[in-house]
Each structure stands twice: as structure tokens, then as C-alpha cells.
Amino acid sequence: MSGLNRGRASAFAAALLIAVALPAATAPASAALPPILISRQLAERDHLRPGDIVTMALDATGSGSRQFRVEGTYEPTPDPVRFTARRLEARVHLPELVAMTEVSGDPASADSLTAINVKLTNPSNADAFSAAVASRAPGVFARPTARAKDGSDPFAVLERFHVAVAAVTVLGSTAFLLALMVMRAEERRETIGIIRLIGISERSILLEVLAEGLLIATAGAVFGIVLAIATQGLVNQFFQWRYDTALVFVRVTRAIALQSIAVSVPLGILAGLVGSWTLLRRDVLALLGR
Amino acid sequence: MTAWGLAWRTIARSPARSVLAVAGVTVIGALLFDMLLLSRGLLVSFRDLLDAAGFDIRVVAAEGSMVHRPPMAGAASLADAIARLPGVRRATLVSSDTAIAIAPSQSRSGTRVSLLGTNDAASGSVLTLVSGSPLPSAAPPGDVPVLVSPKLAAALQLQPGSALQLRLFLPGSASALPLVTAHVTGIAQFAFEAADEYTVATTMDGFAAAHGKPADGVAEMVLVSTDSTQPGSEASAAAAIARLRPDLRVLSNDQVMEQFNQNAFSYFRQISTVLSSMTLAFAFLLIATLLTMSVNQRLGEVAALRALGFPRRRIAANLLWESVLLVGVGGLAALPVGALLAVVLDRILREMPGVPGRLHFFVFEPRAILLHVALLSVTGILAAVYPIWLATRLPIAATLRREILS
């Protein structure tokens, strides 16, 4: 891209290149070689350590090959869009990469790169900035990094899918909860009959059921959240192991915990009330089997 | 009375409870069924898409994949050589790029489209002609005949015979090529077009002309169709192609599927496994709790039956039938409910950008029903184990005495 001052470019350019590790002993002048950072996954796969000399090339035939000294390893920034891909990556200083990729006889190739990350003073101007870049530089696509507002990005779709699955689960568990509450109310049929016979009002019994429901539902919700917090590590560990990534797949946030309580507590209370309501509207003598 | 009859009466005695329990199993069972459909849905659907395209072998650059396909030099001559191999029906070149399409009557800002270059003029493979004429097999130099998707035709009000301007970009350069005027020969459905995508297809010569250069024989991929009536033709053709160009990757449909299965589709397989397991655990806990509470309510009844001479076996059979009835009825009802739910969930996931319009996440397979029945049966039986143990180990005299005293 024209106009880029490569000397001042402080960013590293990531490239998917072919790495060939050479024994350190074969390169006595290794200190003079340019440094390279190797992703943890690449280092593990090719048994690379800091100080090793590697040859990077643009293809398997070795075109544009250059030697580098492994300066260290890094954990690639987790990328949810590419979490299934093996992160075999390396980072070199931009001038080194340009030197590898430039084509002799094509001066533009020495002044080209793939992307520029821009941090705006005011992030809310991202759309206007993108439009301005697109109109001034044909062939350049400027995209805001923020999630699309129309809910079309993959994570918004996945979120809708998970919410739908959660809604179905809540529906199923509500049916079960109601069945359990109906059974529980049946168990207490005679007790409620006696309580009503000695003069306790239906309102008082209803309040008692309400308080009991609130207590049980809150305890259940809290237990559920504690269980989720306790098991989120296991889920993350499994998926992080499976995909060899540092990406966090499950995180029980305060908002999610509150959302769970907001759904489960009223449902629990409602189930308790519905279960008991069948007894409260019955005749006292019928409750006692008379 | 048989154990089945007794179980039926027990369930019928508490209709509200039974209906709610069955409703719970139905909803949870529907979710389980959907997760089973999801576990292989993408694979089955993608395989169908690949097979429907009619090609058995795909040739791409060695450093590329099915998603990232660097251009291959000498692809046209390779395709000619492949077409002459025994057992090969045809070889098709494919290239793709992004372009801006502008209808002369529309605004100058244009619409971003995927431009596909192919030398396969035949309808019914990667594209199905809806109206107009297919791409010509030979066109005058510089001519850019195009087929457009129905969505683009509707958006830009195009029809066969319309003119369409295309603007392409030079890779790695902040400049665009001059506008190229193409003419629409027809409207076609593209098998791999995503819901959020517009596709324009042209000939390989047209593709080169749109890039402002003569045909150079470069393509991203060569698609090969072999004679499926000849056994082993696919493997022998693949081996022959690999010998022709050892510097390229030759992928069979199975290998393409394996690539996607390992990477792109694995998340949904994992999530379906996790959700299926959780669903089963959930169903187990709830059925076990319901049956245990039911047994606890009927301890006196069970003790009386035992005192009358009912063997433990019959008590156990009674409870097992109860579990089978609840899980069985709920599990059966779960199939149509699950099918409806799958349509809804599939619609949600297909909103994902870049997903071909014909790809489905939830696909029905007979094995899903078999697995669904097997998993729910095992869950129902396991859920009945504790209540059965409780009922069969009941001390008869002590329980009867306690019941009379209470």
C-alpha cells in the first residue's frame, strides 16, 4: 500500500510461512540474523527453542527464503473465527517480510501489505471513516472491527442459537418442575386439609407456598450458578485442549447469572403456586378424604 | 393384572402429573433428537452438495486448501490432460474473485459480488439455469458473458440481455481496473451461493477479460468428474493427476469432507455431543426423581401388594413399565416436535454469513431415530433402577405398620 513509512512501522506482520528448523550449531553468526517470534503451536510441532535458526520461505520450493533467529514464542491472540485452525504462525518485523515478498522489477511490491489496523480517536466514527477510505482508495476495503449492528455476524447468530436451545431447555424443565410440584402438593394434601380445618386462611397458606417456592427456587438458581462456575473451567479446558487454543468458550458473567436467576426464580415460584392451587381450590373435607 | 396394566393404571390415576412428565420428556427428547440431527447434519448436507455438483476430484495448489485457493499456473493445459485420462468424464476450471457489479440504471456505488470463472457451460453441476441461455463455450475476445443469480437479478433488475458493469481490483494494490461491460446471458442458481452473497459467473476467457488481460490458463481449481460406472476410476484418476502435476494437491470428495470435518464442522459436532449428554443427564435425573417420588407416595401400596404375594419381580416390572410409558410416549412425541424445532434452529444457524444457501445444519437420517430410541431407552431403564431398588427392598411389615399408624 502506497504511503506507508516502513521504517516507522512498529507492528509485526504475521505470515503463514513454511519453517525449516536448522541446528543452531550450523549458524555461528546467529546474533546477526533478524529475530523471529514463533507461535507456541509451531514451536511445539517443530521443537523450536529460542536461539534456534529457522529458514522461512514463501513456498515449498524455497522461494524468497531467509534465515531468522528464534527470539521467543508467543501465544496467538485467540480468534473465534479461526479457532478450529492450527495456529502455525510466525511474526517478523515488517521490513523483513516485505524483503521476502518483494518481486524484482516490481517496485510496487516493495511497498505493499495486506492490511492496516487503525485506531480511531473516536471509535463511533468507524463507519464514516470506512466510507471515506473506500471513496478515496478504490480497491481498499475498510471494515470496522466492532460487531455488525444488524446481528448478522457469526457470533450473534450463535448467540441466537444458544438462546433458542436454552429456551427449549427451560420449557422442558418447567414441565418437569410442574410435575414435581403437583406430586409434592399431593403429598401434602392431608396436611393442608388439617391446616385449613383449624382455621388458617387460604391466603396464609398461599403466602407460605409462595415463600417456600421463593426459597427453593432461589436455592436452586444459586446452586445452578455455582455448578456452572465450577464446571466452566472443565468445559474450557476440554475445548482449549481439543482445538489447541487459549480461547475462552464459556464464561459465567454477572449478567448471565442475573439472567438465570431472573428466569428460574419466577418459574420456580409459579410452579409451586400452580401445584398448590389445585389443593387450595378443593373442598376441605375432600382434602381429608371424607 | 399384568405389570403393564398396573403401570398404565398408576399413570392414568394422576393425569396432570403424567401429562406434565410426558411433556417434559417430549421437550427434552426433542432437543436430544435435534442434537443428533446436528451432530452429522453439516456433513450429510455438505456431502449432498458436493455429490450434486457431479465432481469426484478437486485439484488445488499445494499450499492451498478448499477455502484458500491460490492460482495455479498451467491449469488449462492440466485440465486438457486430465480430460484425456481414462475414466475421466470431464475437467472443469474454476476461478473466483470479488468484484463490484453496477447495473447501468442503478447507482454508481454498485453491489459487491462473487465473480466465478468457469469453462463448464453445462447446467446442472455447480449451477442450474433458471432462465436465458448458458454461457457460450466460445466467445469473441474481450467479450464477458455472465450468468447472474436470481437474487442479484432481482436486486439490480437484470434479465437475459441486460448489460452489467463489473469493476475488479488488483490484488495488493489500492487501485481498481477500468469498468468492464458484461452482458447477462441468463439467470442461474448457484449450488454454493451463500444467503448473504451475490454470484456472477462467466467463462474463463471472460474472467481474464474482466481482469484486463488475455486468457492465461491460470485457475484456482480443477474439478474432475470420473466415470462412476467404472469401479476404481476415481482412485486411478486421482493417482494419474498426481503423477501429471506432483506440485498440486489432488483431493477426493472424501478428503474434502475430512478437511471440513476436522476444521469447519467440528464445533457443531462437539456442541451437539455436549448438549446431547447434558440432555440425557437431565432426562435421567428428572425421570428418576419423578419415579422415586411416585414410589415414596405409594410405599404402603407396594408393601400391601408384597404382603398379598406379589413377587419383587412384578413390582420391579411395574415400575419399569411406568418408566417405559413416560419415556416412550414422551420420546415418540419428541420426534415431530423435534422436527419442528429443527426447522427453527436450522433457520437461525443458516443466517450465519458465508453459509451456502443449500447447506443445512439439521439433516434427518434414519440412524438419528435409532440412536434417539436407544439413548432414551437406556436413560429410562437407568432412571428406574433406584426406584425399583427402593420398592423391592421395602421391609413389608415395618412399612405396613408405619402406614397404619400414620
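What is the mean pLDDT of chain B, and what percentage of its residues reach 70 or more? The mean is 85, and 95% of the residues get to 70 or more; pLDDT is the predictor's confidence in each residue, from 0 to 100. This is a predicted model, in which local features need pLDDT of at least 70 and side-chain atom pairs count only at pLDDT 80 or more, while totals for chains, interfaces and linings use all residues. Residues are numbered from 1 along each chain as its sequence is written, chains are lettered from A and ligands numbered from 1 in the order in which they are written. For the complex, the predictor gives an ipTM of 0.78 and a pTM of 0.76.

**Stop 1: chain B on its own**

**Stop 2: where the chains touch**

Now show both chains. Here 34 residues of chain A are in contact with 39 residues of chain B, contact meaning C-beta atoms, placed from the backbone, within 7 Å. On the chain A side, pick α4 (154-187) and α6 (202-243), which each supply at least two residues. α4(A) gives the most, with 19 residues.

**Stop 3: the largest core**

Next, select L178(A), A179(A), A21(B), L31(B), L37(B), I287(B) and L319(B): they have the most contacts inside the largest nonpolar core, which has 71 residues. Such a core is a set of buried Ala, Val, Leu, Ile, Met, Phe, Trp, Tyr and Cys residues joined through C-beta atoms within 7 Å; buried means 20 or more other C-beta atoms within 10 Å of a residue's own, all placed from the backbone. Colour α2(B), the source of the largest share, 17 residues. Among the other elements giving two or more residues are α7 (254-280) of chain A and α10 (312-349) of chain B.

Zoom in on L37(B). Leaving aside neighbours within four places in sequence, L37(B) is in contact with A342(B), F362(B), V363(B), F364(B) and A368(B).

**Stop 4: a second core**

Finally, select I187(B), V200(B), M204(B) and A238(B), which are included in a second, separate core of 61 residues.

Terms used
Two residues are in contact if their C-beta atoms, placed from the backbone, lie within 7 Å. Helices (H or I, at least four residues) and strands (E, at least two) are DSSP runs, numbered from the N terminus. A residue is buried if 20 or more other C-beta atoms lie within 10 Å of its own, exposed if 12 or fewer, and partly exposed in between; C-beta atoms are placed from the backbone.
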